[in-house]
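User: I'm new to this one. Could you take a close look at the aromatic rings for me, and then at whatever else is worth a stop along the way?

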Amino acid sequence: MVLADLGGSITRALKQMSNATIIDEKVLNECLNEITRALLQSDVQFKLVRDMQTNIKKIVNLDDLAAGHNKRRIIQQAVFNELCNILDPGKPAFTPKKGKASVVMFVGLQGSGKTTTCTKYAFYHQKKGWKPALVCADTFRAGAFDQLKQNATKAKIPFYGSYMESDPVKIAVEGVERFKKENCDLIIVDTSGRHKQEAALFEEMRQVSEATKPDLVIFVMDSSIGQAAFDQAQAFKQSVAVGAVIITKMDGHAKGGGALSAVAATKSPVIFIGTGEHMDEFEVFDVKPFVSRLLG
Ligand code: GDP
């Protein structure tokens, strides 16, 4: 279910409820079940939805609803707040400071949009006057370095990588050292992604992380991953200190639910979303406008 559909379904459920003559527990439950169904179809994890339903029932006072007015508003507000709560892990992500060298490592499955997102992230900061640089520590996928090189060249961002070296840790360390010397203030390390959450991928990630000591690890997740989002995000979090999430491919058939699951699993906020293949199709993520849009 795409974002707009989710908003529509929730609005319909609320409308049906406020059309009812008497609001009793049965009507409220029906409305919440409808909302639950809509959220599940949008790939929000089952447990999150269940907890949310329980919380809303605790917050919403049936007597207030029975009193007549603003039934829709009361529930809509409760749903809004709950979704915001899920998306807000309670602590902000580490924010790099302009002029002070920070190392940011990107992790995620192959095809999630990691390499594209590294460049978008660099480009976004470059436009704001930063001096970013890209390091390709993906020696697993043939063509990874070429892709990063191509993107970086297009955006005029310095890059580092090797066609010969097969040790990602060595490349990552060399790249970070070089760009620190060159006074870059945002050193972005792109790591290898695999099709599946293989042990080898996680071990490699751990080693690159240990060697480069990133200030921030960003987990990149494809929004079309569906109900697998929670487990995938959690697996990454268990291996490296994920501190922020970027959700890609929010254009097209984007589902909103994965974002909620990724935050819940990593206890880290979403900081940006990818909204297209181009370098500038990248937006700062803001919880409230996102949820407003989600609810239509
Ligand atoms: P990686 O294997 O994780 O490094 O993934 P890539 O960066 O190579 O991206 C995989 C594919 O997804 C490429 O065709 C990208 O152009 C595409 N892609 C990445 N981000 C987005 C996005 O936000 N929207 C859309 N529509 N496509 C994206």
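Analyst: Phe106, Tyr121, Tyr124, Phe272 and Phe282 are joined into a cluster by ring pairs. Keep in mind that this is a predicted model. Searching the whole structure turns up 10 aromatic pairs. Take phenylalanine 219 and phenylalanine 236: their ring centres are 4.9 Å apart and their planes meet at 35 degrees, so this pair counts as tilted. It ties together distant parts of the chain, with phenylalanine 219 in strand 5 (residues 216-222) and phenylalanine 236 in helix 10 (residues 229-239), 17 residues apart. Both phenylalanine 219 and phenylalanine 236 are buried.

Arginine 194 lies over the face of phenylalanine 140, 3.7 Å from the ring centre.

Now for a stop at helix 5. Helix 5 covers residues 71-87, which is 17 residues, and spans 25 Å from first C-alpha to last, close to the expected 24 Å. Its buried residues are Lys71, Ile75, Ala78, Val79, Phe80, Glu82, Leu83, Cys84, Ile86 and Leu87, so there's an aromatic residue, Phe80, on that list.

Glutamine 76 sits in helix 5 as well. Why is glutamine 76 called partly exposed? Its relative accessibility is 26%, and buried would need under 20% while exposed would need over 50%. Setting aside neighbours within four places in sequence, glutamine 76 is in contact with Leu14 and Leu295. As for leucine 14, its C-alpha is 7.4 Å from that of glutamine 76, although 62 residues separate the two along the chain.

Conventions: Residues numbered from 1 in each chain as written. Predicted model: local features only at pLDDT ≥ 70, side-chain atom pairs only at ≥ 80, totals over all residues. Heavy atoms only, no water. Helix = DSSP H or I, 4+ residues; strand = E, 2+ residues; numbered from the N terminus. Expected span 1.5 Å × (residues − 1). Buried < 20%, exposed > 50% of the residue type's maximum accessible area, 1.4 Å probe, protein only. Contact = heavy atoms within 4.5 Å. Phe/Tyr/Trp six-rings, centres within 6.5 Å; stacked < 30°, edge-to-face > 60°. Lys NZ or Arg CZ within 6 Å of the ring centre and 35° of its normal.
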